[in-house]
Amino acid sequence: MKKLIVLFVCLISLNFYAQESQFNWLTDLNIAVKASKDQNKPILLFFTDTNSTESQKMNIELFKSQEFKAIADKAILLIADNSSENNIPKRLIIHYNKINQFSSFVTLDSTGKAIGTPTTDFSTESLNSYISFLNSL
């Protein structure tokens, strides 16, 4: 019962911060691929684990950063939560998160193919480098 309550609070917290920062997170790869084609933007697949306090704290700080806000404007945002009971995020994690690290993200093209390497460093310098990478696509 305690785990269920903690999971519920974590999901609400993540949802609150995602809504607060006005990011449009998708959870379905097929919808993200269609949006990517329609908007001519790459997909940023973000891996998180809302059961992890460390991951949650990192996510909150990341979502508040100006660098991430710049990235969000240049990509379709797709999220896969490792703590979800749903099998869809699990399949995304198995297929795209070979390093099995949370929080991290990988970039996908409009066909769903990974481009570049997974990112686990969310420093300002790393995020600015990632913005440059997005601009080069």
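How far does H6 reach from its first C-alpha to its last, and what is expected at 1.5 Å a residue? Helix H6 has 13 residues and reaches 19 Å, close to the 18 Å expected. One caution before I go on: this is a predicted model.

Let's stay with H6. It runs over residues 124-136. Its buried residues are Ser126, Leu127, Tyr130, Ile131 and Leu134. Look down the axis of H6: these buried residues fall within an arc of 145°, so they line one face of the helix. An α-helix has 3.6 residues a turn, so residues three or four places apart point the same way. Now the other face of H6. Turned away from the buried side, it carries the exposed residues Glu125 and Ser136.

What do the buried residues of H6 pack against? Two helices are on the list, H3 and H4, the latter being 66-74. So are the strands S2, S4 and S5, with S5 at 114-119.

Strand S5 gives us Thr119. With a relative accessible area of 13%, Thr119 is buried. Set aside residues up to four places away in sequence, and Thr119 touches Ser104, Phe105, Ser126 and Tyr130.

On to the rings. How many aromatic pairs does the structure hold? There are 3. Take Trp25 and Phe46. Their pair is tilted, 5.7 Å centre to centre, with 45° between the planes. Trp25 sits in strand S1 and Phe46 in strand S2, so the pair ties together parts that are 21 residues apart in sequence. Both Trp25 and Phe46 are buried.

Next, Phe105 and Tyr130. This pair is edge-to-face: 4.8 Å centre to centre, 70° between the planes. Phe105 belongs to strand S4, residues 104-108, and Tyr130 to helix H6; they are 25 residues apart, and the pair links distant parts of the chain. Phe105 and Tyr130 are both buried. Remember Thr119: both of these residues are among its contacts.

Ring pairs also build a cluster, made of Phe23, Trp25 and Phe46.

Now helix H2, residues 29-39. Ala32, Val33, Ala35 and Ser36 are buried in this helix. Seen down the axis of H2, they fall within an arc of 165°, so they line one face.

Asp38 forms a salt bridge with Lys34, and the closest N and O atoms are 2.9 Å apart. Both residues lie in H2, 4 residues apart, about one turn of the helix. At 57% relative accessibility, Asp38 counts as exposed, because the cut-off is over 50%. Lys34 also counts as exposed, at 51%. And the salt bridge count for the model? It comes to 1.

Now the ends of H2. At the start, a side-chain oxygen of Asp28 reaches to within 2.7 Å of the backbone nitrogen of Asn30. Just after the helix, Asn40 takes a positive phi of about 55°.

Leu29 is also in H2. Leu29 and Leu78 are 49 residues apart along the chain, yet their C-alpha atoms are separated by 7.2 Å.

Last stop, a loop. Asp49 is found between S2 and helix H3, which spans 53-64. Is Asp49 buried or exposed? Buried, with a relative accessible area of 15%. A polar atom of the Asp49 side chain lies 2.9 Å from the backbone nitrogen of Asn51. Beyond residues up to four places away in sequence, Asp49 touches Ser55, Asp81, Asn82, Ser83 and Phe102.

Look down H6 and find the buried face with its 145° arc. Do likewise for H2, where the arc is 165°. Then find Tyr130, which pairs edge-to-face with Phe105 and is also touched by Thr119.

Terms used
Residues are numbered from 1 along each chain as its sequence is written. This is a predicted model: local features need pLDDT of at least 70, side-chain atom pairs count only at pLDDT 80 or more; totals for chains, interfaces and linings use all residues. Side-chain values use heavy atoms; hydrogens and water are left out. Buried means under 20% relative accessible area, exposed over 50%, partly exposed in between (1.4 Å probe, protein chains only). The arc is that of the directions from the helix axis to the C-beta atoms. A polar contact is a pair of N or O atoms within 3.5 Å; within protein, one must be able to donate a hydrogen and the other to accept it, and residues adjacent in sequence count only if both atoms are side-chain atoms. Contact means heavy atoms within 4.5 Å. Rings of Phe, Tyr and Trp (its six-membered ring) pair if their centres lie within 6.5 Å; planes under 30 degrees apart count as stacked, over 60 as edge-to-face and the rest as tilted. The expected span of a helix is 1.5 Å times one less than its number of residues. A salt bridge is a side-chain nitrogen of Lys or Arg within 4 Å of a carboxyl oxygen of Asp or Glu.
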